[in-house]
Amino acid sequence: IVSGVSLVGWVLANNLARPIQILTQAAKNMESGDLSVRVKPSGPQELQLLAEAFNSMASRLQSNLAQLRAFVANASHELRTPLTVVKLRTEALREGALEDPEVAMRFLSEIETEVDRLVRMVNDLLDLSRMEAGMDDGKRTLLNLGAIAHEVYETFSIRAQRAEVNLSLDVEPDLPPVMGNEGQLRRLFYNLVENAIKYTPCNGQVEMLLRLGPNPNTVRLLVRDSGPGIAPEHLPHVFERFYRAETTQPRPGVPRGSGLGLAIAKSIVESHGGEIGVSSQIGNGTTIWADLPTVT
């Protein structure tokens, strides 16, 4: 009897110890930098659940690290271009371009443009990081999105005229208010309209529409343009940081932005409990929509 009990005890102990040893070794491998390590759930149910949780954590860490590496690579690429222009123009000025006033002024203007671009990019990166880390100004008040839409429309009317783009606004009456951060929601409108004007050709159309959303207790903002459209394979990526498709290059003469405008818009919408999306066809323009929850 004693031998039987001992044997059962040994089997139970081994059934517990083996999965724990595997998990311990996997954790050590992960600590050494191997985020691809996974463990096969075994043993009692509690240890199987622990193994599944470990695998899920490892997958998230691996995904986050891949995204971080891609972000660093993209940010480095975006920063390198304006820095290279500034360096080359500065060297040219030092080596004699200052003697030609016309060339010197042109180079100084290019340096100023690139520095402004760097400042916008750095500010956008800081703002995006703060929002995604939950460190943004959390002050929320009852807001009339229609009033914000009219303010943004007035702000962009002159810019649209200069770009020879017809900007229109259509707000459904008596829309319910939303609880939100006024500065962030104004920036959402601003980013979407600025982006639409940038990619719309001369004599094109940009429409701002504010409607009751398709889902209960939501308001939908739509910004629709008559630009070249976006190919289907690029649509899933338009809200990614720094993503630019060949079919979505700004028209000639329009400076490139930071590549973060739509990523910031997405963060703003999601921080307000809403959803954002895009629909587009090559040759038929693009529509970006954002649904925001209302206060009932």
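Guide: Start with R117 and E114. Both sit in helix 3, three residues apart, about one turn of the helix. Helices here are DSSP runs of H or I with at least four residues, strands are runs of E with at least two, and both are numbered from the N terminus. This is a predicted model: local features need pLDDT of at least 70, side-chain atom pairs count only at pLDDT 80 or more, and totals for chains, interfaces and linings use all residues. Residues are numbered from 1 along each chain as its sequence is written, and side-chain values use heavy atoms, leaving out hydrogens and water.

Visitor: What do R117 and E114 form?

Guide: The general idea: side chains of opposite charge can pair when their charged atoms come close. A salt bridge is counted when a side-chain nitrogen of Lys or Arg lies within 4 Å of a carboxyl oxygen of Asp or Glu. R117 and E114 form one, with the closest N and O atoms 3.6 Å apart.

Visitor: Is R117 buried or exposed?

Guide: Buried means under 20% relative accessible area, exposed means over 50%, and partly exposed is in between (1.4 Å probe, protein chains only). R117 has a relative accessible area of 10%, so R117 is buried. E114 is buried too, at 15%.

Visitor: How many salt bridges are there by this rule?

Guide: Eleven. Take K87 and E91: their side chains meet at 3.0 Å, N to O. Both lie in helix 2 (residues 45-94), four residues apart, about one turn of the helix. K87 is exposed, because its relative accessible area is 53%. E91 is partly exposed at 26%.

Visitor: Which residues are linked in a network of salt bridges?

Guide: R89, R106 and E110.

Visitor: What about R186 and E182?

Guide: Their side chains meet in a salt bridge at 3.0 Å, N to O. R186 and E182 are four residues apart in helix 5, so about one helical turn separates them. R186 is partly exposed at 27% relative accessible area. E182 is partly exposed at 37%.

Visitor: How do I read the packing of helix 4 against helix 5?

Guide: Begin with the axes, which are lines fitted to C-alpha atoms, for helices over the stretch in contact; angles run from 0 to 180 degrees between N-to-C directions. The axes of helix 4 (residues 145-162) and helix 5 (residues 182-198) come within 10 Å and cross at roughly 35 degrees. For handedness, look at the near helix: turned from the far one by less than a right angle, anticlockwise is left-handed and clockwise is right-handed. Helix 4 passes helix 5 in a right-handed crossing.

Visitor: Which residues meet there?

Guide: Contact means heavy atoms within 4.5 Å. Helix 4 brings residues including L145, I148, V152 and F156, and helix 5 brings residues including L185, F189, Y190 and V193.

Visitor: What is a nonpolar core, and which residues touch the most other members?

Guide: A nonpolar core is a set of buried Ala, Val, Leu, Ile, Met, Phe, Trp, Tyr and Cys residues joined through side-chain atoms within 4.5 Å. The largest has 47 residues, and L145, L185, L188, F189, L192, V193 and L210 touch the most other members. Helix 5 gives the largest share of this core, seven residues. Look at L185: leaving out residues up to four places away in sequence, its contacts include L145, I148, I268 and L292. A second, separate core of nine residues includes A26, V39, F54 and A58.

Visitor: Which residues of helix 6 are buried?

Guide: L262, A263, I264, A265, S267, I268 and V269. Their cover includes helix 3, helix 5, strand 6 and strand 7. S267 is buried, with a relative accessible area of 11%. Beyond four places in sequence, S267 touches L128, M131 and E132. Just after helix 6, G273 takes a positive phi of about 75 degrees.

Visitor: Where is I276 found?

Guide: In strand 6. I276 is buried, with a relative accessible area of 15%. I276 and K266 are ten residues apart in sequence, yet 6.3 Å apart in space, C-alpha to C-alpha. Outside four places in sequence, I276 has contacts including F239, K266, V269 and W289.
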